Amino acid sequence: MENELHQISDHSACAVQIDLRRVRTNPDFWYPVAWSRELGGEKAIDVRFAGQHIVIVRPKSGVPYALDGLCAHRQVLLGKGKVCGDQISCPAHGLRYNRDGQCVSPNVSAEAQCLRLKSWACREKDGLIFVFMGDQSLAEIVPLPDFPRVRDTRYRTRRFGQMVNCHYSFMHENLMDMNHQVLHSRLVGKMKPRFLGMDHGDDFVEARYTFARTGGKQPLSEALIYGQRRRDGRDFAYRDVMTIRTHYPYQSLRIETQGIEEPVMELWISYVPQDREQMTNRVFGLLSIKRLKVPFLLDLAWPILVAFTERVFFEDREIVELEQAAWKDLGGDHNREVFPVINQLRNLLRRCGQAPESAEKAAL
Ligand code: FES
Ligand SMILES: [Fe+2]
């Protein structure tokens, strides 16, 4: 880190750039909006994307679809409605819409029959429901994200996520900046990160680190991830490689350790803006951990791992929410970022996101 501190980026260039916390996420990607388990048979739920209500409907046939979430009549939330066969019925006056968003109620006025809701491309994959909220003609071309570990029986996957009150860019920066280990020292001991290098391209930034434990004991959850008890941290210093990648708009983290061919842990994560200003995001995370040699040991210890990862997430959430609150109090971004990887990441998020004005225009 000390070396990187001297490679201070050009603040004069940053001064003329758009405030990153005002940049909107690019809608021309597939974003998860719900877990499959939230949407039982013949049910509908209301989800949000950047201030917009969307209703996700699982009809009798099972394949979900997405429509504008407010009834065209008086803008009542359709997520509170009833699913009747393949249609969603509004909870207020009972107008029914089909999967194309067309009002199909019989015995209503000609005017009501003309009511129509916008329909959005929607897909379900590996326990997640995705929508495509951008240019609909791109939905067929832009690939859905893939996470093969979720289907790999040699791994066990935890699905997690919560609302976090901050702009999604804080989340990307927090995960990629491994120099914040002091925050987690009560949970993981004293960890000294070493930055190994980075890669970047048009749509990605990747950073690699390795760590040494310089104080405290290895937590049990870490032993479960690495598959080994490490009594003396010095014997294992700088052996494991952690790779964090933002491949816009998603992020991933992978841990590899010597002697094991495949990663011992892989995380895929997406941050979905909820409100119009994009100051709140819903996290969808898939954390896959390689099973241990002893059968079922990981399953037995799973609650310990869940509690550990929740605590780490809680600590990170507290910090990013404080950062967001400071941004609000100060009326803008006053960050003086000195770590080149994070500056690359900030440039990527600006470049691939939508400038606030064009996002406003697109919404009109
Ligand atoms: S508000 Fe939906 S039918 Fe009247
Ligand atoms: Fe963290």
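This is a set of questions and answers about a predicted model.

Reader: What makes Glu38 and Arg282 a salt bridge?
Author: The closest N and O atoms of Glu38 and Arg282 are 3.0 Å apart. A salt bridge requires a side-chain nitrogen of Lys or Arg within 4 Å of a carboxyl oxygen of Asp or Glu, so the pair qualifies. By this rule the count comes to 25 salt bridges.

Reader: Where in the chain do Glu38 and Arg282 lie?
Author: Glu38 is in the loop between β1 (30–35) and β2 (43–49), and Arg282 is in strand β17 (residues 281–290). The two are 244 residues apart, and the pair links distant parts of the chain.

Reader: Why is Arg282 called buried, and what is Glu38 called?
Author: Arg282 has a relative accessible area of 16%. Buried means under 20%, so Arg282 is buried. Glu38 has 34% relative accessibility. That value lies between the limits of 20% and 50%, so Glu38 is partly exposed.

Reader: How do you know that Glu140 forms a salt bridge with Arg123?
Author: Their closest N and O atoms are 3.0 Å apart, and the limit is 4 Å. Glu140 lies in the loop between β9 (128–132) and β10 (155–160), whereas Arg123 lies in strand β8 (residues 119–125), so the bridge ties together parts that are 17 residues apart in sequence.

Reader: Is Glu140 buried or exposed, and what is Arg123 called?
Author: Glu140 has 66% relative accessibility. Exposed means over 50%, so Glu140 counts as exposed. Arg123, at 27%, counts as partly exposed.

Reader: What makes Glu266 and Arg149 a salt bridge?
Author: The closest N and O atoms of this pair are 3.3 Å apart, which is within 4 Å and therefore meets the rule. Glu266 lies in strand β16 (residues 265–273) and Arg149 in the loop between β9 and β10, so parts 117 residues apart in sequence are tied together. Salt bridges that share partners join Arg149, Asp152, Arg154, Glu262 and Glu266 into one network.

Reader: Why is Arg149 called buried, and what is Glu266 called?
Author: Arg149 is at 17% relative accessibility, which is under 20%, so the word is buried. Glu266 has a relative accessible area of 21%, which falls between 20% and 50%, so the term is partly exposed.

Reader: Why is the pair of Trp35 and Phe284 called tilted?
Author: The ring centres are 5.3 Å apart and the planes are at 55°. Rings pair if their centres lie within 6.5 Å, and planes under 30 degrees apart count as stacked, over 60 as edge-to-face and the rest as tilted. Trp35 lies in strand β1 and Phe284 in strand β17, so the pair ties together parts 249 residues apart in sequence. Both Trp35 and Phe284 are buried.

Reader: What makes Tyr250 and Trp268 a tilted pair?
Author: The distance is 5.4 Å centre to centre, with 40° between the planes. Tyr250 is in strand β15 (residues 250–256) and Trp268 in strand β16, 18 residues apart. Tyr250 is buried at 11%, and Trp268 is buried at 9%.

Reader: How do you know that Arg37 lies over the face of Trp35?
Author: Arg37 is at 5.2 Å from the ring centre of Trp35 and lies over its face. The distance limit is 6 Å, so this value is within it. Arg245 lies over the face of Phe204 in turn, at 4.2 Å from the ring centre.

Reader: What makes the peptide bond from Tyr248 to Pro249 cis?
Author: The omega of this bond is near 0°. Most peptide bonds are trans. Pro249 is found in the loop between β14 (241–247) and β15.

Reader: What is the phi of Asn107, and why is Asn107 called exposed?
Author: Phi of Asn107 is near 55°, a positive value in a residue other than glycine. Asn107 is in the loop between β7 (96–97) and α3 (110–113). The relative accessible area of Asn107 is 79%, which is over 50%, so Asn107 is exposed.

Key. Residues are numbered from 1 along each chain as its sequence is written. Chains are lettered from A and ligands numbered from 1 in the order in which they are written. This is a predicted model: local features need pLDDT of at least 70, side-chain atom pairs count only at pLDDT 80 or more; totals for chains, interfaces and linings use all residues. Side-chain values use heavy atoms; hydrogens and water are left out. Helices (H or I, at least four residues) and strands (E, at least two) are DSSP runs, numbered from the N terminus. Buried means under 20% relative accessible area, exposed over 50%, partly exposed in between (1.4 Å probe, protein chains only). Rings of Phe, Tyr and Trp (its six-membered ring) pair if their centres lie within 6.5 Å; planes under 30 degrees apart count as stacked, over 60 as edge-to-face and the rest as tilted. A charge sits over a ring if NZ of Lys or CZ of Arg is within 6 Å of the ring centre and within 35 degrees of the ring normal.
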